[in-house]
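This report describes the strand arrangement of a predicted model. The sequence and structure are shown below.

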Amino acid sequence: MTLIMDIAVVALRMLLPVYTLVIVYQIFAAMRRRRRPERPLVLLQDLETGEKTPVLFWENSIGRSRGSDIAIDDPAVSRNHCVLLRRKEGWFITDTGSKTGTYVNGKRVGSRRAMLNIDDTITLGNREYAFRRGEEFHEELQSSWFFSKVSNKPAIQPYKILILVSLFHIFMAVEACFCDGAKDFDPAVLCGCLVGVEWLFYFVSRVILRRAAFELEALGLFFTGIGVMLLARQNVKNAVLQPAYVQLIAAVAGMIAFCILIKFIENPDRIGKWRLIIMIAAVLLLGINLVFGRVTNGSANWVHIGPVTVQPSEFVKIAFIFVGASTLDRLQTKQNLLEFIIFSAICVGALAFMGDFGTALIFFGTFLLISFTRSGDFKTVILALTGAGLGGFIVLNMKPYVLRRFQGWRHVWQYTQDSRGYQQARVLTYIASGGLFGVGIGNGVLKYVAASESDLVFGLMSEEMGFISALTVAIAIAALFIYARSVTTRSRSTFYSISACCAAGLFVIQMSLNVFGATDILPLTGVTFPFISAGGSSIISCWGLLAFIKAADERTYSK
C-alpha cells in the first residue's frame, strides 16, 4: 500500500506542471472566446463628402492629433478638440478647450456635457458631421489584438474551469499530506476550506451577482490556492498551519473587496466625485504608516494593530490607480494631471522615507505607465526617469544597506554566507534541484530560508512544483497585461481602460521585481509575487487590483 501511495505521489509531481499549462491555456482561451463581433456604436457622417466614420468606443477623443480616436485633418480643429462619450442616459459631447469651439445644431458647447440625439449636426472647425445610428455602417471591422479577435470555437464553461482549478489544489494537498514520507492530513482540511471558498465565490459571482464571465476570477483563485497550499508545509517541524489559514481568510476579504469595487466603479462618473476623497484618504493612510510603522527588515512599512499586522502601502496601490485614471473628458484637464503628479510624488516620497524602496519602485513604474497612457507623451516619462535616477543616487549614498544589496548584485556566489547573496544563492541552488517537475509540496529545503514564502516564493514554487509550473504562473501574470490592453478597446470608459492596463502593469512590474530579484537578475528589493506570496495586505490588494481589469471587460456590466 505504501509503495502504491509513493508511486501515486510521484505521478502527481509529474502531472502538476502539465496540469498548470492546461489550466492557464483554458482560462486564457475562454477569455478570447464568447465575445461579440466588433461593430460601431454610432457613426459620424461628413455632410460634405458623405464619408461615414465609425465610433467604436464609449469614450472617444476627437481632434487633429494622430493619437485621437477620431482624427480630423483640418487646421481649424484643435489637437484635442472635444470628447464624444456614451452613458446610460445617452450620448454626450464635451469641448476640451478647443480654439474654434464645438457646436451642436449651431449652438456652442461649453466645458459641460451636451446631450446628442440621432441626426443632430456637429460642427468642428470647418467640418460638419451628422450623428447617425451604427446600424448604417456595413463594412467589416478587423482587430489585430489576440483577445479582441472573435473565435467561433466553443469556450469551456466557467464551472468546468473551476473544477480544473479545485482538482489542482486537491492534488497539491495530496502531495503535502505525504511529504517527506509523513502521513499528516492537516493539509487536506486546509484544502477542503480552500475549495469551499472557491465554490462559494463562484456561487456569489455567477448566481447572486450574475456576472457574465468567470475567467479572471478563476485565474485569481488558481493563483491564490497555490499560495495557500504552499504555506501548508511552511515551518513543517512544528506543523504550523496558521499562516495558511490567515492567508485564506485574507483572500476571502480580498474577494469581498473585489465584488465591492466592481459595484462601486460601475458608474465611471462616480470616480470623479470620489477622487479627491480617495486621494486624501491614501495620503492619511501613508501618514499613519510614517507615524506608527515599525521597522521590519529595514523598512517601516508595517503597522501593528494588536495581533494583526497591516501594510498600508498595499491598499494605497488601489487608490493610486483610482487617482491616476479618469473619464476622458476630465483626463485632458491640466488640474487633473497636476493633482496626480503631486499625489504620486507624495506616495513615492513617503515610501522612500519609510525605507520601502521596492514598493516605491512599483509605484514609480506604475506612475510612468499611467502618465504615458494618459498622454502618450515621452517627455513626461523621460523627465520622471531623470528625477528617479537622481533620487536613486542619493538613496545609495544615504542608505548603506541598500548599497550593500547593489554590491551583491550579480556577485551572489561571492557572498553565499553574507546578507548580500545568502538568499539569492540558495534560491538559484534549489530552483536547480527542483528541476522541471519539482520535488513535491513540502519536500523542499528553501522553506527553511527566511522570506521563502514571500520575497523568494518564485524559488519555492520552482523547487516544490517544478520550474515549468513556476514559469507558467509568471507568464500568466504577464499575459494579463496583454489581455487588459486588448479588452480596453471595448471598455465603457477611459477610466476602465487606463485602470485595467495600469493594474495589470503593476502586477507585471511587481512580479518581475520579485522573480528577477530572487534570481539575481535584478537587485533583491523584497516585494511580493502577486497572489502567491504570503501576506494578508498583499492578497487583498491583488484582488482589489484585479477588479479594475474585470471592470474593463464589456461583459462585466452587460445585464
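## Strands 10 and 11

How many bridges join strand 10 to strand 11, and in which sense do the two strands run? Strand 10 (residues 121-124) and strand 11 (residues 127-133) are joined by four bridges and run antiparallel. Within this pairing, Ile122 stands opposite Tyr129 of strand 11.

Strands of a sheet pair through backbone hydrogen bonds, in either the parallel or the antiparallel sense.

## Strand 1 and its two partners

Five bridges join strand 1 to strand 11, and the two run antiparallel; here Asp46 stands opposite Tyr129. Tyr129 of strand 11 is also opposite Ile122.

The pairing of strand 1 with strand 2 is likewise antiparallel, with four bridges, and places Leu43 opposite Pro54. These two strands form a hairpin with five residues between them. In the turn, Gly50 has a positive phi of about 80°.

## Burial of strand 1

In a regular strand the side chains alternate between the two faces of the sheet. Val42, Leu44 and Asp46 point one way from strand 1, while Leu43 and Gln45 point the other way. Five of the five residues of strand 1 (residues 42-46) are buried, so the strand is largely enclosed by the rest of the structure.

Terms used
Residues are numbered from 1 along each chain as its sequence is written. This is a predicted model: local features need pLDDT of at least 70, side-chain atom pairs count only at pLDDT 80 or more; totals for chains, interfaces and linings use all residues. Side-chain values use heavy atoms; hydrogens and water are left out. Two strands pair if DSSP finds at least two bridges between them. Buried means under 20% relative accessible area, exposed over 50%, partly exposed in between (1.4 Å probe, protein chains only).
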